[in-house]
Amino acid sequence: MESSASVLCKSSVSVQCIRKANMKKSLLFPDFTVTRDPDKCIQCEVCVRQCAFDAHSFDKEANKIETDNSKCVSCLRCATMCPTGAITVSEHQQNIKKNKNWTEKQLKELYKQSETGGILLTGMGTDKDYKIIWDHILLDAAQVTNPSIDPLREPMELRTYLGAKPDRIEFRVQSSEFRGQNKKLRTTNYELQTKLPPQLKLETPILFSAMSYGAISLNTMRALARAADECGIFYNTGEGGLPKELYKYGKNTIVQVASGRFGVDSDYLDVAAAVEIKVGQGAKPGIGGHLPGEKVTEEISQTRMIPTGTDALSPAPHHDIYSIEDLSQLIYSIKEATGYKKPLSVKVAAVHNIAAIASGIVRAGADIVAIDGLRGGTGAAPTRIRDNVGIPIELAISAVDSRLREEGIRNRASIIAAGGFRNSADVVKAIALGADAVYIGTAALVAMGCHLCQKCYTGKCNWGIATQDPYLVKRLNPEIAARRLVNLIKAWSHEIKEIMGGMGINAVESLRGNRLRLRGFDLHENELKILDIKPAGESM
């Protein structure tokens, strides 16, 4: 029989063990639950091999596959690749007491930070429940007095040019006469006398947004470049430089000059069709970027021109830009370095005084102003910055277009809008609000296979898109991905033609800034004022 002292000693040890275990035990419930149908599962271990997050494992002793729900990010790779359809992924159901202020999401974030002591990171654009203004803007349609146009049988022009336009154009007219069989014939030739600034020619008003090598895989960049080439549009390298093998796509490439100046040299500038100075982006206005050293492979180090394995840090500001005059100096330095043969773009985040900022950028000499809105995507951003800084792109487009028109300088620069464009209707509305073209990033990644798990920053993308892991990179076939992108651009272009035809408009140039053809539904008076559109039901 044990003594009371011995029992007390063991009890004390047990309490200490429990306390230590409780300190280590996470208070977080899983975000997702993986359900495996035992009648369908054939224990083939495809799910084990496909999950880079190790949510699935094979227990040799039990001779069956086990799942750790806490590691599931709902990328749906396992469910998609399962040969028998045995796997279902759903949101984890846990009855947490309802509280309007202290929501389940708020509690989870507090638990996570109390356990890690770090800032919250995320990927892609904000998923916060802000009003999506696109869904409250309605398009006009032609009826009796303004007949619609059939895009299948009548000409429809989606081609547009990005770059500064002159204040006026001068032609030299030459007429000549010659005698036909029965009468005199006159021909008139028009020769352009005005020298036009360099332009980007787009066959449809859509471009692939800036995504850098390092944040995305080389196969992803290959797919974007090939699709841009086939569609007659452009893709943007982002701030990570341009791999040498993609120089052959230079005529469809926009290169970036960001605060880190990664990969920037004379060859990089010369090969591109246009150069973009990145000042900010919609997902993280006002802060810089950070590519962890473990992602800086030998290939990325050569492209970015930094040592292998070192962190790639992009400062929040350009250390040579502290005023509009400084920006102008950099603009003209790049123009001079490229022989004034390429349009120069400046990319900024949509912030509260974006109209005044855009005006200064145009006056500084930029040919294109790219504005990235609140819902802009990213490979990695602090959650608090992504969800709380900036304004929606819908409000920014109209504010900038109106300001430039009021100042008489709208022709001196084109506007590219970015930040959460989901479909062709969003594109049409953006152009009608005043944009010349739009950047799409997230939509392009989704077309290639992205499932928006928002874990891009981990480098474990199971779809081979946002990763540098050689095993994962191979999962994305650049030829198949490029074909999917081409299909997306073609589909959106067809839909844009259909929408424009229904409005009785046969050229995208006639749609630009045509806010009279838009109406707001369930929008506040101030929102309508900023958008410069009338409420639904009000006539011209």
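**Figure 1. The largest cavity of the predicted model has a volume of about 110 Å³.** The model is a prediction. Four cavities of 30 Å³ or more are found in the structure. Seventeen is the number of residues that line the largest cavity, and those nearest its centre are Ser-259, Lys-278, Val-279, Ile-287 and Pro-315. By residue type, the lining of the largest cavity holds six nonpolar, eight polar and three charged residues.

**Figure 2. Eight strands form a closed barrel.** Listed along the barrel, the strands are E11, E12, E13, E14, E17, E18, E20 and E21, and their pairing is parallel. One of the pairs is E17 with E18, which are joined in the parallel sense over five bridges. Within this pair, Ala-349 has Asp-372 in E18 as its bridge partner.

**Figure 3. Strand E21 pairs with strand E11 and with strand E20.** The pairing of E11 (residues 206-210) with E21 is parallel and has three bridges. Here Leu-207 lies opposite Tyr-439 of E21. E20 (residues 414-418) is also parallel to E21, with two bridges between them. In this second pair, Val-438 of E21 is the bridge partner of Ala-417. Between E20 and E21 the chain passes through helix H12 (residues 424-433), making a right-handed β-α-β crossover.

Figure 4. Which residue of E21 stands opposite Leu-207? Tyr-439 does.

**Figure 5. Helix H9 is largely enclosed by the rest of the structure, because seven of its 10 residues are buried.** H9 spans residues 354-363. Its buried residues are Ile-354, Ala-355, Ala-358, Ser-359, Gly-360, Ile-361 and Val-362. An α-helix has 3.6 residues a turn, so residues three or four places apart point the same way.

Figure 6. Just after H9 comes Gly-365, which has a positive phi of about 115°.

How values were computed. Residues numbered from 1 in each chain as written. Predicted model: local features only at pLDDT ≥ 70, side-chain atom pairs only at ≥ 80, totals over all residues. Heavy atoms only, no water. Pairing = 2+ DSSP bridges. Helix = DSSP H or I, 4+ residues; strand = E, 2+ residues; numbered from the N terminus. Right-handed = clockwise from strand over helix to strand, strands pointing away. 1 Å grid on protein atoms, 1.4 Å probe; cavity = no way out; pocket = protein on both sides within 12 Å on 5 of 7 lines; lining within 4 Å. Points joined across faces, edges and corners; volume = space filled by probe spheres on them. Nonpolar A, V, L, I, M, F, W, Y, C, P; charged D, E, K, R; others polar. Buried < 20%, exposed > 50% of the residue type's maximum accessible area, 1.4 Å probe, protein only.
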